[in-house]
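Here are my notes on this one, as numbered points. Have the model open while you read.

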Amino acid sequence: MSLFQWTEKSADVLQQGGVIAPDERLPWPQTAVMGVQHVIAMFGATVLAPILMGFDPNIAILMSGIGTLIFFFITGGKVPSYLGSSFAFIGVVIAATAYAGKGPNANIGLALGGIIACGALYTLIGVIVQAVGTGWIERFMPPVVTGAVVAVIGLNLAGIPVKNMAAGNFDAWMQLVTFVCVGLVAVLTRGMVQRLLILVGLIVASIIYAVLTNGLGMGKPMDLSGVLNANWFGLPNFAAPVFEANAMLLIAPVAIILVAENLGHIKAVTAMTGRNLDQYMGRAFIGDGVATMVSGGAGGTGVTTYAENIGVMAATKIYSTAIFFVAALIAVLLGFSPKFGAVIQAIPLPVMGGVSIVVFGLIAVAGAKIWVDNKVDFSDNKNLIVAAVTLVLGTGDFTLKFGQFALGGIGTATFGAILLYALLNRKR
């Protein structure tokens with residue numbers, strides 16, 4: 001397959017229980033609609049991360065699109081992944097910039113310099129992996145480890161919608177209504193409507209929310225004034241990096257977490273598609289690293305392959321890289337549209353939270369699927385202990401500090417799983 005040649009498949013393939021492989025695609029109109037769903041899937045987390053660090057969300061959307069295009073070209077269009085804002089940077093960026101938590105980050109330049117340093121280190125790791133292969137990765141990260149790491153990514157993110165996206169009892173009920181809507185669409189519909197379960201469920205839940213709040217006064221009304229007042233086109237707030245040694249040393253080690261995260265994501269995609277993507281692992285790291293450097297150079301966050309979009313693939317059985325190429329182009333266009341940003345911001349937070357519960361849950365289940373597909377033997381105490389400890393470390397957000405550098409739940413779970421497996425797998 002050349003870079004822009006996909007074999008066109010009818011949606012009938014999905015009806016018959018088949019899948020759309022990475023080198024295949026649906027007809028372009030359906031592919032475009034699926035691309036929109038992937039943009040929606042990544043949007044909540046991609047916007048939330050820069051807000052927590054005091055970055056411009058529109059820059060984050062723009063750079064997620066550009067980063068995904070960079071990743072697409074460097075991997076030769078072989079790896080179906082979307083790149084969005086990485087949460088791994090939040091703690092170290094706040095520490096490096098002394099960000100107070102509200103408004104624009106006054107020291108954003110220091111963070112950007114560190115993000116570029118991280119991207120450079122990440123790229124170097126990718127070059128090494130590309131040169132020596134992935135055999136060592138297989139030895140240290142067998143299915144019991146990769147399945148646990150993928151599951152942990154979804155479980156670790158669960159606290160975001162459950163704890164932070166429902167201000168009161170009404171909002172919590174609306175989250176329930178939202179994921180029930182998504183579930184009903186997934187089970188009761190057929191064809192492309194079923195494949196667009198996330199997008200359709202979000203729209204239906206938003207309509208219900210508007211009726212209950214704007215119509216019946218039961219909660220905080222939807223405010224569309226920002227949409228009406230926003231311009232259709234406009235430049236986001238670009239920012240320049242500042243290279244300062246302490247900030248760079250603090251932020252650059254995040255590259256190790258990104259490697260583990262990306263590895264887990266690619267393993268999940270391999271399990272779902274049945275295509276061995278190990279040969280593209282080094283190129284995937286390089287693509288992610290270069291995209292992170294480019295993003296940091298423009299004022300954006302560090303980026304990573306997105307578990308949210310893996311969750312969407314797991315639900316739709318559509319793994320075409322064409323969808324991500326389209327989604328990236330849409331994100332680039334939307335990054336220059338304050339109007340679009342206003343539309344997304346108008347989506348009620350509990351509705352976005354309900355959708356996030358579904359998507360994060362799908363990620364966790366994708367990890368369990370790795371165990372099932374690879375017939376991991378949990379009667380073996382080695383596998384049992386590795387999986388059990390990893391899940392609790394990640395879900396509980398177990399954090400270890402090394403000076404100013406903090407290794408959060410996903411990082412400790414990832415490295416803990418690798419090291420614990422190596423320790424317990426020693427020959428008796």
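1. A term to settle before anything else: contact here means heavy atoms within 4.5 Å. With that in hand, take Val145, which is in contact with Phe140, Val386, Ala417, Ile418 and Tyr421 once its neighbours within four places in sequence are left aside.

2. Some housekeeping. This is a predicted model, where local features need pLDDT of at least 70 and side-chain atom pairs count only at pLDDT 80 or more, while totals for chains, interfaces and linings use all residues. Residues are numbered from 1 along each chain as its sequence is written, and side-chain values use heavy atoms, with hydrogens and water left out.

3. Overall shape. The C-alpha trace spans about 70 × 55 × 45 Å along its principal axes. For 428 residues, a compact globule would have a radius of gyration near 22 Å, and the protein's 21 Å agrees. That radius is taken over C-alpha atoms, and the globule rule is 2.2 Å times the number of residues to the power 0.38.

4. Secondary structure. The protein has 21 helices and six strands. These are DSSP runs (H or I, at least four residues, for helices; E, at least two, for strands), numbered from the N terminus. Of the contacts with a separation of 6 or more, 79% are between residues 24 or more positions apart.

5. Burial and surface. Buried residues make up 56% of the 428; buried means under 20% relative accessible area, exposed over 50%, and partly exposed in between (1.4 Å probe, protein chains only).

6. The cores. A nonpolar core is a set of buried Ala, Val, Leu, Ile, Met, Phe, Trp, Tyr and Cys residues joined through side-chain atoms within 4.5 Å. The largest one has 103 residues, and Phe55, Phe89, Val145 and Ile198 have the most contacts inside it. Helix H19 (residues 349–373) gives the most to this core, with 10 residues. Apart from it lies another core of 11 residues, among them Ile59, Met63, Leu69 and Ala322.

7. Val152 is worth a click. This residue lies in helix H7 (residues 143–157) and is buried, with a relative accessible area of 1%. What does Val152 touch, not counting residues up to four places away in sequence? The list is Thr390, Leu391, Gly394, Ile410 and Ala413. The C-alpha atoms of Val152 and Thr414 are separated by 8.5 Å, although the two are 262 residues apart along the chain.

8. Now the aromatics. Rings of Phe, Tyr and Trp (its six-membered ring) pair if their centres lie within 6.5 Å; planes under 30 degrees apart count as stacked, over 60 as edge-to-face and the rest as tilted. The count by this rule comes to seven aromatic pairs. One of them is Trp6 with Trp28, edge-to-face at 5.9 Å centre to centre and 85° between the planes. Trp6 lies in the segment before strand S1 (7–8) and Trp28 in helix H2 (residues 28–53), so the pair ties together parts that are 22 residues apart in sequence. Trp6 is buried, with a relative accessible area of 10%, whereas Trp28 is partly exposed at 39%.

9. Trp6 also pairs with Phe72, this time tilted, with 6.3 Å centre to centre and 40° between the planes. Phe72 is in helix H3 (residues 57–74), so this pair ties together parts 66 residues apart in sequence. Both Trp6 and Phe72 are buried. Trp6, Trp28, Phe72, Phe73 and Phe325 form one aromatic cluster.

10. Glu24 contacts Trp6 as well, along with Thr7, Lys9, Val19 and Ser320, leaving aside its neighbours within four places in sequence. Glu24 sits in strand S2 (residues 24–25). Is Glu24 buried or exposed? Buried, with a relative accessible area of 15%.

11. Ser81 is buried, with a relative accessible area of 6%. Not counting residues up to four places away in sequence, Ser81 touches Thr68, Phe71, Thr305 and Phe324.

12. Last, helix H15. Its 18 residues (281–298) should span 26 Å at 1.5 Å a residue, and the end C-alpha atoms are 26 Å apart, which agrees. The expected span is 1.5 Å times one less than the number of residues. H15 is mostly covered, with 13 of its 18 residues buried. Gly299 follows H15, and its phi is positive, near 110°.
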